[in-house]
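Reader: I would like a close look at a single part of this model. Please keep to the open space in it and to what surrounds that space.

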Amino acid sequence: MNDYITIALTKGRLADKTMQLLNKAGYYCEELKDKGSRKLIFTNEEQKLRFFLAKGPDVPTYVEYGAADIGVVGSDIIMEENRRVYEVLDLGFGKCRMCVCGPDEARELLQHHEMIRVTSKYPNIARDFFYNRKHQTVDIIKLNGSVELGPIVSLGDVIVDIVETGSTLKENGLAVLEEVCPVSARMIVNQVSMQMKTRRIREIIGNVRDCLE
Ligand code: PRP
């Protein structure tokens, strides 16, 4: 398998956008186009490429351990997971913002250093933001989805989550209270692969970079 380059894709919309970009750069995978397939790994024998789909938070794990040479995942997940990988390219899609959100009344709670409760899928990002940037002590409660529910059912005061169009917030009577950082899809590379498969990996990075707007 050593002469193959293995690429971990984030399941869902990001995978489709990644494949569009890779196609533009001259890398293909016919097998991946079959949406009904339950296969987990897809190969292009001619180009010696292997692809697999993983849940976002698992992509940096596969790359850190060398199960994938390359991964494409959101910078939100890279920040949250904090894995030892090289981040080599900002791919410019999957753009959104990491924000502190809540009902308008919660705005006041962010002005003082009082203890508040934060619900989030991103406990590490939330902790870093409140402790190191705002110097505010917070109680963080990890959720796995539909985080907007937190303030609505009084599980917490505010949330830290990604905002893309803003429609989830709007439909639930919440607003952006502060921005933490912008988010976009990134290409990451395993540190050993970068040394051992330098030529092929650099070539892929170069060809993809040339296709970025
Ligand atoms: C994400 C995020 C917000 C929503 C933001 O959730 O957690 O809930 O998208 O998008 P918007 O600003 O365009 O409304 P996702 O769809 O990943 O599902 P989840 O609730 O399971 O996390």
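Which elements each supply at least two residues of the lining of the largest pocket?

Author: The model is predicted, so local features need pLDDT of at least 70 and side-chain atom pairs count only at pLDDT 80 or more, while totals for chains, interfaces and linings use all residues. Residues are numbered from 1 along each chain as its sequence is written, and side-chain values use heavy atoms, with hydrogens and water left out.

Helix H1 (13-24), helix H3 (75-81), strand E9 and helix H6 (167-171) each supply at least two residues of that lining. H3 gives the largest share, four residues. Helices (H or I, at least four residues) and strands (E, at least two) are DSSP runs, numbered from the N terminus; the protein chain has eight helices and 11 strands.

The largest pocket has a volume of about 1,100 Å³. Of the 40 residues that line it, Asp 76, Ile 77, Lys 121, Tyr 122 and Ile 162 are the closest to its centre. A pocket is found on a 1 Å grid over the protein atoms alone, as an open set of points where a 1.4 Å probe fits, with protein on both sides within 12 Å along at least five of seven lines; lining residues have an atom within 4 Å of a point. Grid points are joined across faces, edges and corners, and the volume is the space filled by probe spheres set on the points. The lining divides into 14 nonpolar, 13 polar and 13 charged residues. Here Ala, Val, Leu, Ile, Met, Phe, Trp, Tyr, Cys and Pro count as nonpolar, Asp, Glu, Lys and Arg as charged, and the others, Gly among them, as polar.

Strand E9 covers residues 158-163 and holds Asp 161. Asp 161 is buried yet has no salt bridge, and the nearest side chain of opposite charge, Lys 121, is 4.4 Å away. Buried means under 20% relative accessible area, exposed over 50%, and partly exposed in between (1.4 Å probe, protein chains only). A salt bridge is a side-chain nitrogen of Lys or Arg within 4 Å of a carboxyl oxygen of Asp or Glu. For charge, Lys and Arg count as positive and Asp and Glu as negative; His and the chain ends are not counted. Leaving aside residues up to four places away in sequence, Asp 161 touches Arg 97, Met 98, Cys 99, Lys 121, Tyr 122, Val 147 and Glu 148, where contact means heavy atoms within 4.5 Å.

Arg 13 and Glu 164 meet through their side chains in a salt bridge (3.5 Å, N to O). Arg 13 lies in helix H1 and Glu 164 in the loop between E9 and H6, so the pair ties together parts that are 151 residues apart in sequence. Arg 13 is exposed, with a relative accessible area of 60%.

Glu 64 pairs with Arg 84, their closest N and O atoms being 3.8 Å apart. Glu 64 lies in helix H2 (residues 59-64) and Arg 84 in the loop between H3 and strand E5 (86-90), so this pair ties together parts 20 residues apart in sequence. Glu 64 counts as buried at 16% relative accessibility, whereas Arg 84 is exposed at 61%.
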